[in-house]
Amino acid sequence: DDAGDTALFRNRHTHWLIDLTAGVTAGLRGPQRLEWAELVNTELPNLARAADWGIGDGDPVDAMQIGVNLSWYAFLSSNVQNDERVILELLERAEQAPTALRCRAMMWSGLLSIGRTAKRTWAMDAIDVARTAASTQVVSSATDIDGVRMTTEAIALARTTGDPALLLEALTIGSLHLAAIGSFPDVLQTLNDEARLLAASLADPWHEAMVAALDGMAGYIAGELDASMATLRSAIEAFIALGDHGTGALFEISFSEVAELRGDIAAATSAMEAAVAFETQAGFLSSTVLRAVLCWLTGRNGEIQRALDLGQEVVALAHQPFNPIIRAHGLFALGVAETLADLPDAAAEHLGEALAIHQQVGMRRETAMDHRHLGQLRYMLGDVDGAIAHYRHAVEIAVEVGLPWTVMLAARSMAEALADRQPELACRVLGNTEAISALFGYLPTPDERRLVDSSVATAIAHIGAEAVAAATAAGAQLHYTDLPGLLAV
């Protein structure tokens with residue numbers, strides 16, 4: 001009958017897709033990475049239908065195998081909508097799946113929870129944003145994905161199988177997930193040390209490079225930023241030597257984020273350029289978000305015209321198809337570049353729209369940065385009251401979310417606006433930002449140092465060097481979470 005014929009066709013089609021996707025992960029990690037990326041990009045509609053069949057009347061085990069085959073691609077590209085939710089639904093239906101398949105499905109659902117929960121993944125921020133943009137679900141505090149539980153259960157299950165290759169895979173993907181969400185460095189180091197021994201015993205150079213990269217991530221979490229940069233760079237070079245430019249690009253993103261925190265904007269820009277180049281060639285949605293980050297970095301690096309060009313490109317790409325999160329990131333980066341280029345009307349329009357979108361979708365970190373740069377724009381236009389109001393919002397939100405780097409940037413900018421009116425308060429704020437720099441290793445860029453020096457000089461002109469020193473020292477004694485209370489007074 002027709003129903004039987006349809007089921008037979010779907011079953012054959014699903015098995016064909018299993019065979020087709022079996023080599024995707026290895027392919028993306030090798031010299032034919034772009035050909036494999038193009039293959040999956042082309043077949044995404046068919047693959048989505050197979051997932052629907054597995055969740056519906058089809059075989060959930062077969063559908064779960066396809067999901068597992070695609071998971072590394074899904075993580076790198078952000079091209080697969082709601083990938084982790086599909087795997088979780090299939091896990092519920094496929095209770096009789098082989099243990100190794102269930103283990104891998106749990107492992108990947110943990111990693112793929114990045115960008116799918118209300119909790120931000122601060123140590124892989126750009127990946128988090130790209131995956132958030134790719135989701136068709138509205139992320140809220142009610143979102144019930146427990147990625148950490150899936151990661152820890154996958155590692156525990158892998159230990160029961162007696163399969164060292166499976167355990168190595170679970171340890172490294174698990175460590176990558178836990179690093180991204182900012183887990184304790186000692187937890188990461190324990191996982192990495194075990195994975196390192198397994199990789200050596202299996203003579204697996206790819207996993208040896210992966211463990212090195214994960215050591216770099218552990219250093220990032222621990223605040224050892226210089227060591228993190230050196231370790232990540234070495235791991236990236238190892239991946240490229242193996243022909244794996246995709247994983248190299250993934251860790252270029254992390255290197256860029258660490259370098260920016262360290263104040264090395266040129267190195268951050270160069271690393272992000274490399275990531276954008278690969279992901280654009282591969283046709284990955286994540287490349288558009290990374291292009292917005294590159295726009296921001298090039299502006300900070302003094303390349304104003306290039307930043308303007310990149311920002312306009314991202315805003316245009318956000319309409320192919322329309323994506324509000326990507327648009328907001330593009331508008332923010334473009335607005336910052338326009339501020340630097342002394343185009344205040346355009347900057348006000350674009351930063352204002354970015355703020356409205358980020359508020360609407362609940363992206364608090366981005367909302368704080370929008371306020372910071374609207375504050376800079378208002379100050380540039382002579383509206384000191386407006387600038388201070390935006391800066392205060394930026395600091396309050398950043399403290400609430402727990403982002404000391406964003407607090408530091410916003411507070412430094414605010415001190416400049418306060419220096420003429422409330423020089424003692426400005427110096428307390430600056431003292432606190434210096435304490436944040438010392439505590440977390442966030443070195444100021446030359447532009448930030450000039451801003452600090454200018455604010456201090458203004459304060460000295462008003463209250464004298466001794467009072468400035470006393471106020472700065474008092475501010476340094478405060479924890480950054482005390483700043484909103486200080487500014488409210």
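Start with Ala-203: at 60% relative accessibility, this residue counts as exposed (exposed means over 50% relative accessible area, buried under 20%, and partly exposed in between, with a 1.4 Å probe and protein chains only). The model is predicted, so to speak of local features a pLDDT of at least 70 is needed and side-chain atom pairs count only at pLDDT 80 or more, while totals for chains, interfaces and linings use all residues. Residues are numbered from 1 along each chain as its sequence is written, and side-chain values use heavy atoms, with hydrogens and water left out.

- Most residues other than glycine have a negative phi.
- Helices here are DSSP runs of H or I with at least four residues, numbered from the N terminus.
- Asn-82 isn't a glycine either, and its phi is positive at about 55°. You'll find Asn-82 in the loop between α4 (60-77) and α5 (83-93), and with a relative accessible area of 12% it is buried.

**Aromatic rings**

- A pair of aromatic rings is described by the distance of the centres and the angle of the planes.
- There are 11 aromatic pairs in the structure (rings of Phe, Tyr and Trp, the last by its six-membered ring, pair if their centres lie within 6.5 Å; planes under 30 degrees apart are stacked, over 60 edge-to-face, and the rest tilted).
- Take Trp-206 and Phe-239: their ring centres are 5.7 Å apart and their planes stand at 55°, so this pair is tilted.
- Trp-206 belongs to helix α11 and Phe-239 to helix α12 (residues 225-241), so the pair ties together parts that are 33 residues apart in sequence.
- Both partners are tucked away: Trp-206 is buried at a relative accessible area of 11%, and Phe-239 is buried at 0%.
- Ring pairs also link Trp-72, Phe-75, Trp-108, Trp-206, Phe-239 and Phe-251 into a cluster.
- Arg-29 lies over the face of Trp-206, at 3.7 Å from the ring centre, and over the face of Trp-72, at 4.6 Å from the ring centre. For a charge to sit over a ring, NZ of Lys or CZ of Arg must be within 6 Å of the ring centre and within 35 degrees of the ring normal.

**The second largest pocket**

- This pocket holds about 540 Å³ of space (a pocket is an open set of points on a 1 Å grid over the protein atoms alone, where a 1.4 Å probe fits, with protein on both sides within 12 Å along at least five of seven lines; lining residues have an atom within 4 Å of a point). The volume is the space filled by probe spheres set on the points, which are joined across faces, edges and corners.
- Its lining has 18 residues, and Leu-340, Arg-372, Gln-376, Asp-447 and Leu-451 lie nearest the centre.
- Helices supplying at least two lining residues each include α15 (286-300), α17 (324-340) and α23 (446-463), while α19 gives the largest share, 5 residues.

- Asn-323 lies in the loop between α16 (304-317) and α17 and is buried, at 13% relative accessibility.
- A polar atom of the Asn-323 side chain lies 2.9 Å from the backbone oxygen of Ala-133.
- Ala-476, in helix α24 (residues 465-476), is partly exposed with a relative accessible area of 33%.
- The C-alpha atoms of Ala-476 and Val-211 are 37 Å apart, and the two residues are separated by 265 residues along the chain.

Definitions and conventions: Polar contact = N/O pair within 3.5 Å; in protein donor to acceptor, adjacent residues only side chain to side chain.
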